[in-house]
Amino acid sequence: MAAEEKNKAILKTEKLSIGYTLKHSEKLIASEINFEVFPGELVAVIGANGMGKSTLLRTLSSIQIPLSGAVFLNRKNLQNIDSKELSNLIGLVLTEQPISKNLSVYELVALGRQPYTNWIGTLSEKDKEEVRKALKNVGIEDLAERRCYELSDGQLQKVLIARALAQDTSLVILDEPTTHLDLYHQAYIFKLLKKLVRETKKSMIFATHEINLAIQLCDKIIILNNEKFYFGNPCELIENGIFEQLFPSDLIQFDSNLGAFRIKSAE
């Protein structure tokens, strides 16, 4: 990748405020959200329950309208991008998204090529090559002919990631990709995402509750906490004492030396 492209932000926000518009008022979740995501970066969104992780991702992907401020994709305001163009810019992996589990793995991954196929959905040779490449990148070539209802949660999650890769966008947004997975498979998915951003130079931003894993493996972390926003690499956030503010200290505490949360010892 040319140095000029590498230094150009794929995703940028300016004074972004997120939340909900109610009947005659607004419910603010977080404001003054300013950050940039560059090619080949893995970015986690963390925070306690109800702090707006999914709301932020929905706003970044144009599912939800911001209360104020702006989101830019490749320097173009998200508000000015139509749905067809957006499908060429963002791949989405959403929690509990409806899918037909009667499809084969290959067929489900091939749905990622819909923005590029003709009106009857015929796959070109390029489309087929992108599907094969996505299956290989995620390491599920051996599952291609299996039906999705036959898969474990971890396998299905990898298939959904492959579908987003087949879409061939510069940005992939994932909402809690390790939900329902055990610790081993959580770590596996994190390492897979890290591998993919390094090899494909795509940018990935995802919400997660697995904060200790995010600290170890992510390039940058977004923290949402009581209408406040923090952004930086894990070392910067640790040095600034941001993680200590996330949860009440009566049960868990952040060990800045280890860079991880620990259960507080009984007195």
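Predicted model: local features only at pLDDT ≥ 70, side-chain atom pairs only at ≥ 80, totals over all residues.

Student: OK, how many aromatic pairs does the structure hold?

Tutor: There are eight aromatic pairs. Take Phe243 and Phe261: the ring centres are 6.5 Å apart and the planes sit at 85 degrees, so that pair is edge-to-face.

Student: And which parts does that pair tie together?

Tutor: Phe243 is in the loop between helix H9 (234–239) and strand S11 (252–255), while Phe261 belongs to strand S12 (residues 260–263), so the pair ties together parts 18 residues apart in sequence.

Student: Are Phe243 and Phe261 buried or exposed?

Tutor: Phe243 and Phe261 are both buried. Phe261 also forms an edge-to-face pair with Phe254, at 5.0 Å centre to centre and 65 degrees between the planes. Phe254 is buried too.

Student: Which residues do the ring pairs link into a cluster?

Tutor: Phe243, Phe247, Phe254 and Phe261.

Student: Switching to the cores: which residues touch the most other members in the largest one?

Tutor: That core has 52 residues, and the ones touching the most other members are Val109, Met204, Ile221, Ile223 and Phe243. Helix H6 (residues 153–166) gives the most to this core, with eight residues.

Student: What does Val109 touch, leaving out residues up to four places away in sequence?

Tutor: Val131, Ala134, Leu135, Val159, Ala162, Arg163 and Ala166.

Methods:
Residues numbered from 1 in each chain as written. Heavy atoms only, no water. Phe/Tyr/Trp six-rings, centres within 6.5 Å; stacked < 30°, edge-to-face > 60°. Helix = DSSP H or I, 4+ residues; strand = E, 2+ residues; numbered from the N terminus. Buried < 20%, exposed > 50% of the residue type's maximum accessible area, 1.4 Å probe, protein only. Core = buried A, V, L, I, M, F, W, Y, C linked by side-chain atoms within 4.5 Å. Contact = heavy atoms within 4.5 Å.
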